[in-house]
Amino acid sequence: MDGPMRPRLASVSDFQFGAVATETIEDALLHLAQQNEQAVQGAAGRMGSFRETRIVEFVFLLSEQWCLEKSVSYLAVEILERFMVKQAENICRQATVQQRDNEKTESHDWRALREKLFNKFTLRLVSCVQLASKLSFHYKIINNITVLNFLQALGYLYTKEELLESELDVLKSLNFQINLPTPLAYVEMLLEVLGYNGCLVPVTQLHATCLTLLDLVYLLHEPIYDSLLRTSIENSTPSQLQGEKFISVKEDFMLLAVGIIAASAFIQNHECWSQVMGHLQSITGIALASIAEFSYAILTHSVGANTPRRQQPVPPHLAARPLRAAASSNT
């Protein structure tokens, strides 16, 4: 696959922790907490439906081919997820209208909308990656020539105008709100706080492992969250209603971040695992049981049997309500 020249990517050693004033970190953490609370409260419907393994893997491999930062690949997945959810909702809305009014005109045919979405999915995915690269505040922005060459290699013949139209379709669908929070932002912010709090495990080491585990969670999103759901309800066959209520947990990036960091700490130095867990609980207000269960689910799907001893199941209301106390106490 032809691509641009490969400059040196930012390595783990390029990340510097402890260089920001504590007041700035506190403000940033509070802002992320409030964003997360809003996301959890607003989670519903088809959210999370398009973080499928094949889609995520495509985005990750494409980002690697184009030498993009890890933050870009996560942002691209989130932009694509929200765009596809909007499109799916639009198709369902059109289908409802057609069924009610017995509308048969082509302009309102929901099947035509579905077919169009399917045929242009690869183009839309690439547009999301390109848009994410433009928001990365980095010199590595993917230009149209690179994108068109890539699509041509896959057998898709598009023009520059069609490429620009695709980007504009994504932007309009999301009301130009594409600077979305990603789990990586929560992970790195919490690592910053851990560094100030005297974490026994060096945060630079944790950061490297966190990136690997975050990739894993994205690639194994459904198996990991399904196992967490079964544990939380103490039932191997959750009902549809239970699954729908669990969507808020899937959209909870703060809970994901503490689970990632706790699992990373266990891999790096299991003797310090409890200390890191205590720090995370103190920072976020998330129950230790919730952090432990999430880290257990991640570790089970990554390193297998050598995981911390399971604690009591996660109460669903604890898992879905992180940072309520922490956020309200600072407002």
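Helices here are DSSP runs (H or I, at least four residues), numbered from the N terminus.

As a predicted model, it is read with local features at pLDDT of at least 70 and side-chain atom pairs only at pLDDT 80 or more, while totals for chains, interfaces and linings use all residues. Residues are numbered from 1 along each chain as its sequence is written, and side-chain values use heavy atoms, with hydrogens and water left out.

Next comes the packing of α13. Helix α8 (residues 183-196) and α13 cross at roughly 55°, their axes coming within 8 Å; axes are lines fitted to C-alpha atoms over the stretch in contact, and angles run from 0 to 180 degrees between N-to-C directions. This makes α8 oblique to α13, given that angles under 35 degrees count as roughly parallel, over 145 as roughly antiparallel, 65 to 115 as roughly perpendicular and the rest as oblique. The contact (heavy atoms within 4.5 Å) includes Tyr186 and Leu190 of α8 and Met254 and Ile261 of α13.

Helix α13 (residues 253-268) also packs with helix α14 (residues 273-284), at an angle of about 165° and with the axes 9 Å apart. The two helices are therefore roughly antiparallel to each other. Among the residues that meet are Val258 and Phe266 in α13 and Trp273 and Leu280 in α14.

With helix α15 (residues 288-300), α13 packs at an angle of about 65°, the axes being 8 Å apart. Phe266 and Ile267 of α13 are among the contributors to this contact, as are Phe294 and Ile298 of α15.

Finally, a word on confidence. The protein chain averages a pLDDT (the predictor's confidence in each residue, from 0 to 100) of 81, and 78% of the residues score at least 70. Residues 1-13 stay under 50, as do residues 310-331, for which the model has 48 contacts beyond four places in sequence. Where pLDDT is low, the predicted coordinates should not be read in detail.
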